[in-house]
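Happy to have you here. Let's walk through this fold together, one question at a time.

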Amino acid sequence: MEPILHARDLEKSYAEKESAERLHVLRGIDIAIAENEVVAIVGASGSGKSTLLHILGGLDRPGSGEVFFRGTNLNKLNAAELAAFRNKNMGFVFQFHHLLPEFSALENVLMPALIGGQFPNERELRAKELLDKFGLSKRYHHRPSELSGGEQQRVAVARALMNKPDLLLADEPTGNLDEANTKSLLKQLFELRNELSLTIIMVTHDKSIAASCDRTFRIENGLIVSDTANLGLV
Ligand SMILES: Nc1ncnc2c1ncn2[C@@H]1O[C@H](COP(=O)(O)OP(=O)(O)O)[C@@H](O)[C@H]1O
Ligand SMILES: [Mg+2]
């Protein structure tokens with residue numbers, strides 16, 4: 001089967017502040033993710049997990065190498081095309097929810113659709129459905145500061161799903177949640193994978209979360225050092 005996403009020989013380095021050396025974060029990453037897979041990317045702090053996720057999701061560009069989303073080579077898109085492509089095909093969830101503090105939960109979830117140009121009635125209905133799905137039907141008009149950490153993160157996931165992406169990229173999405181909220185968020189993500197035929201790429205340093213995904217990629221010294229199929233015990 002054709003992968004939904006694959007990348008070839010990704011390299012990324014940054015100029016070091018104190019010397020002429022460069023910090024080589026990614027040194028030649030090859031990765032392929034199948035449609036409908038849930039995969040984890042693990043590795044020590046500073047190993048380049050976020051850098052890799054951002055490049056795979058077109059939020060950042062590699063120094064060299066290529067990323068393909070189905071047939072599209074992300075390198076070939078200019079900044080505006082890439083932003084539109086992301087908005088249509090991908091959803092992002094970060095460790096810190098990145099909700100806009102001045103806006104309600106409902107407005108935050110609606111935000112990607114305002115950019116995506118859906119009809120007002122349709123998009124409001126969808127935003128409410130998503131919030132309902134995440135148990136937030138009584139929280140439409142709360143601002144982020146009026147929500148618990150778990151609720152904030154569920155709003156962030158709802159927002160990521162607003163434009164019906166095929167790929168969800170999540171960077172330590174449960175990093176700030178307690179065990180109960182972590183479990184329920186993961187359960188919901190796995191349900192969504194089935195319901196919406198989502199593919200999910202999740203960065204995590206939590207072993208049990210990684211083991212609950214279909215596959216785990218481990219990154220070390222800028223390379224993927226292992227690619228393990230899990231039993232998927234969730
Ligand atoms: N924009 C940047 N400029 C310079 N160095 C960066 C930048 N982004 C990340 N780095 C460095 O690259 C390395 C990998 O970072 P990151 O991908 O965030 O790691 P992880 O998510 O695995 O903790 C770190 O040493 C970090 O300091
Ligand atoms: Mg990170």
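Q: Which residue in E8 is the bridge partner of Leu 168?
A: In this predicted model, strand E7 (residues 167–171) and strand E8 (residues 199–203) run parallel and are joined by 5 bridges. Leu 168 has its partner in E8, and that residue is Ile 200.

Q: Which helix packs on the sheet, touching E7 and E8?
A: The helix in question also touches strand E3 (38–42) and strand E9 (215–220). Its direction makes about 155 degrees with that of E8. It spans residues 49–56 and is helix H1.

Q: Which strands stand at the edges of the sheet, and why is one side of each left without a neighbour?
A: The sheet is open, with 6 strands in the order E6-E7-E8-E3-E9-E10 and mixed pairing. From one strand to the next, the twist averages 15 degrees. Each edge strand has a single partner strand, so one of its sides has no neighbour in the sheet; these strands are E6 (90–93) and E10 (223–229).

Q: Which element gives the most to the shell around ligand 1?
A: Among the residues surrounding the ligand are Tyr 14, Gly 48, Lys 49, Ser 50 and Thr 51. Two elements give two or more residues to this shell, namely strand E2 (22–34) and H1. With 3 residues, the top contributor is H1.

Q: How many polar residues does the shell around ligand 1 have?
A: Sorted by class, the shell has 3 nonpolar residues and 1 charged residue.

Q: Which element has the lowest mean pLDDT?
A: The protein chain averages a pLDDT of 92, and 97% of the residues score at least 70. Strand E4 (residues 64–69) has the highest mean among the elements, at 98. The lowest, at 87, belongs to helix H3 (residues 105–116).

Technical notes: Residues are numbered from 1 along each chain as its sequence is written. Chains are lettered from A and ligands numbered from 1 in the order in which they are written. This is a predicted model: local features need pLDDT of at least 70, side-chain atom pairs count only at pLDDT 80 or more; totals for chains, interfaces and linings use all residues. pLDDT is the predictor's confidence in each residue, from 0 to 100. Helices (H or I, at least four residues) and strands (E, at least two) are DSSP runs, numbered from the N terminus. Two strands pair if DSSP finds at least two bridges between them. Axes are lines fitted to C-alpha atoms, for helices over the stretch in contact, and angles run from 0 to 180 degrees between N-to-C directions. Two residues are in contact if their C-beta atoms, placed from the backbone, lie within 7 Å. A residue is near a molecule or strand if its C-beta atom, placed from the backbone, lies within 6 Å of it. Ala, Val, Leu, Ile, Met, Phe, Trp, Tyr, Cys and Pro count as nonpolar, Asp, Glu, Lys and Arg as charged, and the others, Gly among them, as polar.
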